[in-house]
Amino acid sequence: MALTVTCSRSVFVKRKILYTLRKTCILFSTNETILGDLGKPALKVKKGTRHKKALWTDNQSWEERLADAVTPLWRLSYDEQLELKRKQQERILSQLSGDSQSYSPSPVRSKPRFPVLPVLPSPVRDGYRNKSTFSVNRGFDGNPKTVGFYLPRERGGNVVCVNGDHLLNMPEKHKLVARCYQDFIRLSSLEPCLLFHTGGHWREVTVRTNTEGHTMATVYFHPQTLTPEEVAVHKAELVDYFTRGPGSVCQLDSLFFQESTKTRCTHEESPYQLLYGQPHIYEEVLGFKFRISADAFFQVNQAAAEVLYRTVRDLCVPNREEHGGRTKVGGTLLDVCCGTGAIGITMSPRVDRIIGIELIEQAVEDARHNAALNNVLNCEFIPGKAEVVLPGLMTQLSSAGGGPVSAVVNPARAGLHPRVVQALRNQPAIRKLVYVSCKPDGEAMKNFRQLCCAPDPWKKLTGEAFSPTLAVPVDMFPHTPHCEVVLLFER
């Protein structure tokens, strides 16, 4: 079904959108990629609880309901979306009063005391996602082999799986792979795995693409009691379908397979098996080339990622103008939660040394490969928990000297571990810190307050306080209420 935007946007429609925004947190989904754009995880429905008021009107189709859930702003013009996000970020950041002695947990001002710039728009607004994960469950027609996204039914507490062909943020290639995977599992003799304890095998499919159109698909499979030989038969059928059968229309460059008895497994826990094609796809950002593995983190909007990384770079290590030319800033940049090294590598021409810290070993391997691929020689990447690695590293930097130290942190939604904040706060050499957050109203706000509060020996926050001096929102997720915020702290 094609979703059309009406020319007149009435007050009723806007109220309806805001109502939808408040309700998206109760969505049921095993799709972490989509939940990354929706906000809070799904709430569980307890037996015996009274059902809340229906989220949608009876005359809305399932497709419209899914669009309202996944892309709540799809009815607004893009300018209206950006204005809504600007006001939202100002409201969130007003919780930082600007006074290092009084960072209270409740908002006391309508606007922050430091500048919040207008939201930088995404260069691409439709079909921008380069990674999508499609779930498997019962469709609204009752077919248990339906591939799409979860929505709660209005009655009964169950979920329904709705096809995502109409979603504005999904590229056509992702939709095509999802349709073909649905056709494949409907032809398969194996049942889908809807609940682990009830059996079944076929689970989600993740699709990754790059700007050149290269496509990687990863199929997740629960082996249950099947022998390796039996699993091998179905893997062969999957390869045949996507390489010589109807699925060949997808023109996959890579087909991965992961057997897992858990909802999520790392490559170390259960290796990704390459069934067909190349082990990686590549993407370019700000003139640098990056390798993307099956489970590597990469920003879901490549075009907006360039805007984001350029913003981070210019805030953290701005080029200096000297005698009519430009010279690099020098010193050391700490890239905490560095992922595959994108932020550090794009900043490498402006500093003497980059030190990246990342928990996921595969991402560190990718980061090292990316540095070598781009002939970047001043980057090193350390695997491990930042809260374990960083304190000792800061001690080494203090004793070695070597010029100014800046830091950029880009943690997951859970924010930074308190020990990481302590290590950054208590290192006097760090005069500038750039914090990238996709959810500043969550755990990140606690980090902000820890960075900016008055010294507190009881909390091991003894260093000079930082002050927020500038915030730059970047729209990574058009048609949703979310965006990335780049927050500059200085002291």
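Axes, as the word is used for helices here, are lines fitted to C-alpha atoms over the stretch in contact, and the angle between two of them runs from 0 to 180 degrees between N-to-C directions. The model shown in these views is a predicted one.

**View 1. Helices H5 and H6 cross at roughly 135°.** The axes of H5 and of helix H6, which spans residues 228–243, come within 11 Å. The crossing of H5 and H6 is right-handed. On the side of H5 the contact is made by Cys180, Tyr181, Asp183, Phe184 and Leu187, while H6 contributes His234, Glu237, Leu238, Tyr241 and Phe242.

**View 2. Aromatic pairs and an aromatic cluster.** The structure holds 11 aromatic pairs, and one of them joins phenylalanine 184 and tryptophan 202 in an edge-to-face arrangement, with 5.2 Å centre to centre and 80° between the planes. Phenylalanine 184 lies in helix H5 (residues 172–187) and tryptophan 202 in strand E4 (residues 202–209), so this pair ties together parts that are 18 residues apart in sequence. Phenylalanine 184 counts as buried because its relative accessibility is 4%, below the cut-off of 20%, and tryptophan 202 is buried as well, with a relative accessible area of 0%. Tyrosine 241 and phenylalanine 242 form another edge-to-face pair, at 5.2 Å centre to centre and with 85° between the planes, and both of these residues are buried. Phe184, Trp202, Tyr241 and Phe242 belong, together with Phe221 and Phe257, to one aromatic cluster.

**View 3. Charged side chains over aromatic rings.** Arginine 65 lies over the face of tryptophan 62, at 4.7 Å from the ring centre. In another part of the view, the charged end of lysine 289 sits over the ring of tyrosine 282, at 5.1 Å from the centre of that ring.

View 4. Leaving aside residues up to four places away in sequence, glutamate 443 touches Arg413, Ala414 and Gly415. Leucine 416 is 27 residues from glutamate 443 along the chain, and the C-alpha atoms of these two residues are separated by 8.1 Å.

Technical notes: Residues are numbered from 1 along each chain as its sequence is written. This is a predicted model: local features need pLDDT of at least 70, side-chain atom pairs count only at pLDDT 80 or more; totals for chains, interfaces and linings use all residues. Side-chain values use heavy atoms; hydrogens and water are left out. Contact means heavy atoms within 4.5 Å. Rings of Phe, Tyr and Trp (its six-membered ring) pair if their centres lie within 6.5 Å; planes under 30 degrees apart count as stacked, over 60 as edge-to-face and the rest as tilted. Helices (H or I, at least four residues) and strands (E, at least two) are DSSP runs, numbered from the N terminus. Buried means under 20% relative accessible area, exposed over 50%, partly exposed in between (1.4 Å probe, protein chains only). A charge sits over a ring if NZ of Lys or CZ of Arg is within 6 Å of the ring centre and within 35 degrees of the ring normal. A crossing is left-handed if the near helix is turned anticlockwise from the far one by less than a right angle, and right-handed if clockwise.
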